[in-house]
Amino acid sequence: MLLSIVMGADAIRRHNFVAHGAWMTRAYAIAMGAGTQVLTRLPWLWRGRGQPGEPPRALMMGAGGGITLGSAAWAGRGPVPGRPPLAR
């Protein structure tokens, strides 16, 4: 995450706003990964099973990271060819 922030700061210093946005989006996605990992663990905890062992914990953490990575990739894919841009 720190590398993404440094690269984003360097990009904005060079007035490269597109690269700045991409690097800062990566940093934000990494930071949000922790929150997503909590959401993937909640069903386990709600079932009253206590703390998960290492294999289930690793799967839940990986699922959280995968959801975050997929969301960031989807959000950063840019405009879809043939579709008008979304209003901002």
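Modeller: Here is a walk through the helix packing, with the overall picture at the end.

A word on the source: this is a predicted model, where local features need pLDDT of at least 70, side-chain atom pairs count only at pLDDT 80 or more, and totals for chains, interfaces and linings use all residues. Residues are numbered from 1 along each chain as its sequence is written, and side-chain values use heavy atoms, with hydrogens and water left out.

The protein has three helices and zero strands, where helices (H or I, at least four residues) and strands (E, at least two) are DSSP runs numbered from the N terminus.

Start with H1 (residues 2-13) and H2 (residues 17-46): their axes sit 8 Å apart, at an angle of about 160°. Axes here are lines fitted to C-alpha atoms, for helices over the stretch in contact, and angles run from 0 to 180 degrees between N-to-C directions. That makes H1 and H2 roughly antiparallel (angles under 35 degrees count as roughly parallel, over 145 as roughly antiparallel, 65 to 115 as roughly perpendicular and the rest as oblique). On the H1 side, the contact residues include Ile5, Met7 and Ile12, and on the H2 side Phe17, Trp23 and Ile30 are among them; contact means heavy atoms within 4.5 Å. By class, this contact has ten nonpolar, three polar and one charged residues (Ala, Val, Leu, Ile, Met, Phe, Trp, Tyr, Cys and Pro count as nonpolar, Asp, Glu, Lys and Arg as charged, and the others, Gly among them, as polar).

In the loop between H1 and H2 you'll find His15. Its phi is near 65°, a positive value in a residue other than glycine. His15 counts as exposed, with 61% relative accessibility (buried means under 20% relative accessible area, exposed over 50%, partly exposed in between, with a 1.4 Å probe and protein chains only).

Now for H2 against H3 (residues 54-75): the axes come within 8 Å and cross at roughly 135°, so this pair is oblique.

As for the whole protein, the C-alpha trace spans about 50 × 35 × 20 Å along its principal axes. Buried residues make up 15% of the 88 residues.
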